[in-house]
Amino acid sequence: MNNFNAVISLKSAGIGRLLVRLLWVLLGFGVTSTLLSLLQVIAKPLYQLLASLDALLSIVTLLFSLISIIVFMIWLYRLHADLRVIFKEYPITPGGAIARFLIPISR
């Protein structure tokens, strides 16, 4: 059956909060990049002053994206470990969850 006492000590909760923060930061980078792209189309001379900022923003966004992917994989693993603790007969192992995510056609 269910082990509801284990809900108190979820290993995926902390990393989940970190993942949400990272995704909010990435959303901010995306909005900023969109505004800079609009500026490039509307006011090219002004954009030329900010072109280096746009390039730096792209590099930082790439780094944050890679970190977010790694944190997501850790969260996914811990989430399925928590589900196996809560629901004793949960059929998906943490490693199996990662494999199902990386290979979408696997069962």
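Let me start with F72 and W75 in helix α2. These two residues are three apart in the helix, so about one helical turn separates them. As a reminder, an α-helix has 3.6 residues a turn, so residues three or four places apart point the same way. Keep in mind that this is a predicted model.

What kind of aromatic pair do F72 and W75 form? The pair is tilted, with 5.8 Å centre to centre and 35° between the planes. The cut-offs are under 30 degrees for stacked and over 60 for edge-to-face, so 35° falls in the tilted class. The structure holds three aromatic pairs.

Buried would require under 20%.

Staying in helix α2, the next residue to look at is I74. I74 has a relative accessible area of 34%, so this residue is partly exposed.

Now helix α1, residues 12–42. With 31 residues at 1.5 Å each, α1 should span 45 Å, and its end C-alpha atoms are 44 Å apart, which agrees.

Which residues of α1 are buried? They are S12, I15, G16, L19, L22, L26, F29, L36 and L39. Part of what covers them is α2, residues 44–86. That brings us back to the helix that holds F72 and W75.

Conventions: Residues are numbered from 1 along each chain as its sequence is written. This is a predicted model: local features need pLDDT of at least 70, side-chain atom pairs count only at pLDDT 80 or more; totals for chains, interfaces and linings use all residues. Side-chain values use heavy atoms; hydrogens and water are left out. Helices (H or I, at least four residues) and strands (E, at least two) are DSSP runs, numbered from the N terminus. The expected span of a helix is 1.5 Å times one less than its number of residues. Buried means under 20% relative accessible area, exposed over 50%, partly exposed in between (1.4 Å probe, protein chains only). Contact means heavy atoms within 4.5 Å. Rings of Phe, Tyr and Trp (its six-membered ring) pair if their centres lie within 6.5 Å; planes under 30 degrees apart count as stacked, over 60 as edge-to-face and the rest as tilted.
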